[in-house]
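Here is a friendly briefing to read beside the picture. Take a moment to look over the sequence and the model, then follow the topics below.

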Amino acid sequence: MSKIQKPPKSFWIISIVALIWNLMGVSAYLTQAFMTEDALQKLPEAEQTLYADLPAWVTAAFAIAVFGGTFGAIGLLLRKKWARIVFLISLIGIIIQMSHNFFISNNMEVYGPGALIMPIMVLVIGVYLIMFSKSAIAKGWIS
């Protein structure tokens, strides 16, 4: 059995930032999932088409990604090692969602090359949070 160690301040900072980041994702998901018809009509026609053609499985993957990340961050703050598993589930949601965005939909045509920045950042942070939680388990910061 490994002894539980007191985590450094950086652990708490990263965990809080992870929670805030994922709560911003939840906000983006809720905005997209519950967009009113009036709000949709105010978007450019190409964006309206993207939303209209969005499969339910992509919306579900988005929900799994952001809610999983949020619960994972809460797990870190509670110092629970299940946070790593939840971050892994979140990453699977990210990969599924991004696969649609990069390979199936025409997001790049609608938003241009700048549309790559946020998805890549989301993916990198998702991988980092898995590695961070794995390291926190190994160092005995979470159990």
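Asn107 is buried, because its relative accessible area is 15% and buried means under 20%, exposed over 50% and partly exposed in between (1.4 Å probe, protein chains only). This residue belongs to helix H6 (residues 107-111); helices are DSSP runs of H or I with at least four residues, strands are runs of E with at least two, and both are numbered from the N terminus. Leaving aside residues up to four places away in sequence, Asn107 touches Leu50, Asn101, Gly112 and Ala115, where a contact means heavy atoms within 4.5 Å.

This is a predicted model, in which local features need pLDDT of at least 70 and side-chain atom pairs count only at pLDDT 80 or more, while totals for chains, interfaces and linings use all residues. Residues are numbered from 1 along each chain as its sequence is written, and side-chain values use heavy atoms, with hydrogens and water left out.

**The whole chain**
- The protein chain has seven helices and zero strands, so you can read its elements from the N terminus as α-α-α-α-α-α-α.
- Its C-alpha atoms fill a box of roughly 55 × 25 × 25 Å, taken along the principal axes.
- Of the 143 residues in the protein chain, 38% count as buried.
- Among contacts with a separation of 6 or more, 78% come from residues 24 or more positions apart.

**Helices H5 and H7**
- Helix H5 (residues 82-104) packs against helix H7 (residues 117-138) at an angle of about 165 degrees, and their axes are 9 Å apart. Axes are lines fitted to C-alpha atoms, for helices over the stretch in contact, and angles run from 0 to 180 degrees between N-to-C directions.
- H5 and H7 are therefore roughly antiparallel to each other; angles over 145 degrees get that name, while those under 35 count as roughly parallel, 65 to 115 as roughly perpendicular and the rest as oblique.
- The crossing of H5 and H7 is left-handed, a term for a near helix turned anticlockwise from the far one by less than a right angle (clockwise would be right-handed).
- Residues of H5 in this contact include Phe87, Leu91 and Phe102, and those of H7 include Val122, Gly126 and Ile137.
- The residues of the contact of H5 with H7 divide into 14 nonpolar, two polar and two charged. Here Ala, Val, Leu, Ile, Met, Phe, Trp, Tyr, Cys and Pro count as nonpolar, Asp, Glu, Lys and Arg as charged, and the others, Gly among them, as polar.

**Helices H1 and H4**
- The axes of helix H1 (residues 9-33) and H4 come within 8 Å and cross at roughly 155 degrees.
- H1 and H4 are therefore roughly antiparallel too, and H1 passes H4 in a left-handed crossing.
- Their contact residues divide into 18 nonpolar, seven polar and no charged.

**A salt bridge**
- What joins the side chains of Lys42 and Asp38? The two meet in a salt bridge (3.6 Å, N to O), a term for a side-chain nitrogen of Lys or Arg within 4 Å of a carboxyl oxygen of Asp or Glu.
- Lys42 counts as exposed at 65% relative accessibility, and Asp38 counts as exposed at 52%.

**Two loop residues**
- Asp53 lies in the loop between helix H3 (45-52) and helix H4 (56-77), and it is exposed, with a relative accessible area of 54%.
- Arg79 is found in the loop between H4 and H5 and counts as partly exposed at 23% relative accessibility.
- Arg79 has a positive phi of about 60 degrees although it is not a glycine. Most residues other than glycine have a negative phi.
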